[in-house]
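Welcome, and please load the model in your viewer. We will go from one selection to the next and look at what is there.

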Amino acid sequence: MSVIYLLITVSIFVAIGFFIAFIVAVKSGQYDDDYTPSVRILFDDETTFTPQENKSKTKE
């Protein structure tokens with residue numbers, strides 16, 4: 001039974017360590033994306049395909 005208490009304690013410390021590492025990464029700007037918004041305008045929007053366009057192309 002004491003092994004379970006030991007494992008729970010160790011897992012809580014490991015979880016706290018990962019949470020602190022995540023907070024430090026977020027505060028240091030690790031997940032900031034400054035590049036994508038500046039080039040998003042360069043990509044074309046997806047065009048929608050309508051049946052009328054298909055009919056006009058086949059008649060030609």
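This is a predicted model: local features need pLDDT of at least 70, side-chain atom pairs count only at pLDDT 80 or more; totals for chains, interfaces and linings use all residues.

Start by selecting Phe22. This residue is partly exposed, because its relative accessible area is 42%, which falls between the 20% limit for buried and the 50% limit for exposed.

Now show both side chains together. How many aromatic pairs are there by the ring-centre rule? The count is 1. That pair joins Phe22 and Tyr31: the ring centres lie 6.1 Å apart and the planes meet at 45°, so the pair is tilted. The angle falls in this class because planes under 30 degrees apart would count as stacked and those over 60 as edge-to-face.

Next, zoom out to the whole chain. The mean for the protein chain is 82, with 73% of residues reaching 70 or more. Among the elements, H1 has the highest mean pLDDT, at 97, while helix H3 (residues 51–59) has the lowest, at 58.

Switch to a cartoon view. You will find 3 helices and 0 strands, in the order α-α-α along the sequence.

Select residues 2–27, which form helix H1. H1 holds 26 residues and spans 38 Å from first C-alpha to last, close to the 38 Å expected at 1.5 Å a residue. Just after H1, click on Gly29 to see a positive phi of about 90°.

Of the 60 residues, 3% are buried.

For the last stop, select Met1, Ile4, Tyr5, Ile8, Ile12, Phe13, Ile16, Ile20 and Val24: they make a nonpolar surface patch of about 980 Å². Pick out Ile4, which sits in H1. Its relative accessible area is 45%, so Ile4 is partly exposed.

Terms used:
Residues are numbered from 1 along each chain as its sequence is written. Side-chain values use heavy atoms; hydrogens and water are left out. Patches are made of residues with over 30% relative accessible area and no salt bridge: like charges are joined within 9 Å, nonpolar side chains (Val, Leu, Ile, Met, Phe, Trp, Tyr) within 5 Å. Accessible areas come from the Shrake-Rupley method with a 1.4 Å probe; for residues, only the protein chains shown count as cover. A salt bridge is a side-chain nitrogen of Lys or Arg within 4 Å of a carboxyl oxygen of Asp or Glu. Helices (H or I, at least four residues) and strands (E, at least two) are DSSP runs, numbered from the N terminus. Buried means under 20% relative accessible area, exposed over 50%, partly exposed in between (1.4 Å probe, protein chains only). The expected span of a helix is 1.5 Å times one less than its number of residues. pLDDT is the predictor's confidence in each residue, from 0 to 100. Rings of Phe, Tyr and Trp (its six-membered ring) pair if their centres lie within 6.5 Å; planes under 30 degrees apart count as stacked, over 60 as edge-to-face and the rest as tilted.
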